[in-house]
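Subject: Handover of a structure for your study

Dear colleague,

Please find below the structure that I am passing on to you.

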Amino acid sequence: MAHPEIGSLDRGREVIVWDRQGDWAKIELPSNLRVWISAKYVERDGSEGTVSGSRVYLRPGPNTQSPPLGVAEKGEHVRVVGAEDGWLQVLPTAGARGWIQ
């Protein structure tokens, strides 16, 4: 299954590695990447938001077919940088992870 690319890292950038499988490493997502969260679980005030749902998935794309990268917990604050069809594009919260090769 192919997964969407959500960004790139500069050579030499330090990351936290959580797992390895072959040539792939599961890392904590850097704060400059963008992820998506369902808008119905975020109380938004301009570019700031507070997660109102419990354990809401963060995804690489604005749809439920995109595999979860992590979860946002109720009460967590998010920085909103975009919106599309009922989804908000936000900076990743702590614990959001993705695979790099």
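The following notes describe the strands and the core of this structure.

This is a predicted model, in which local features need pLDDT of at least 70 and side-chain atom pairs count only at pLDDT 80 or more, while totals for chains, interfaces and linings use all residues. Residues are numbered from 1 along each chain as its sequence is written, and side-chain values use heavy atoms, with hydrogens and water left out.

Strand pairing

Strands are DSSP runs (E, at least two residues), numbered from the N terminus. Two of them are said to pair if DSSP finds at least two bridges between them. Strand β5 (residues 48–51) is paired with β8 in the antiparallel sense over three bridges, and E48 has R79 of β8 as its bridge partner. β8 also pairs with β9, antiparallel and over four bridges; here V80 stands opposite V90 in β9. The hairpin of β8 and β9 has two residues between the strands, and D85 in this hairpin takes a positive phi near 45°. β9 pairs in turn with β3, again in the antiparallel sense over four bridges, with W36 opposite Q89.

A separate topic is the open sheet of three strands, which has the order β1-β2-β10 and antiparallel pairing. Because β1 (17–21) and β10 (97–100) stand at the edges with a single partner strand each, one side of each is left without a neighbour in the sheet. Strand β2 (residues 24–28) is joined to β10 by four bridges, and I27 has G98 as its bridge partner in β10.

The nonpolar core

A nonpolar core is a set of buried Ala, Val, Leu, Ile, Met, Phe, Trp, Tyr and Cys residues joined through side-chain atoms within 4.5 Å, where buried means under 20% relative accessible area (1.4 Å probe, protein chains only). The largest such core has 15 residues, of which L29, V35, I37, V51, L58, L88 and V90 touch the most other members. The elements that give two or more residues to this core are β3 (35–38), β6 (56–58), β8 (77–84) and β9 (87–90). Beyond its neighbours within four places in sequence, V51 is in contact (heavy atoms within 4.5 Å) with residues including I37, Y41, V42, V56 and V78.

Yours sincerely

Terms used:
Buried < 20%, exposed > 50% of the residue type's maximum accessible area, 1.4 Å probe, protein only.
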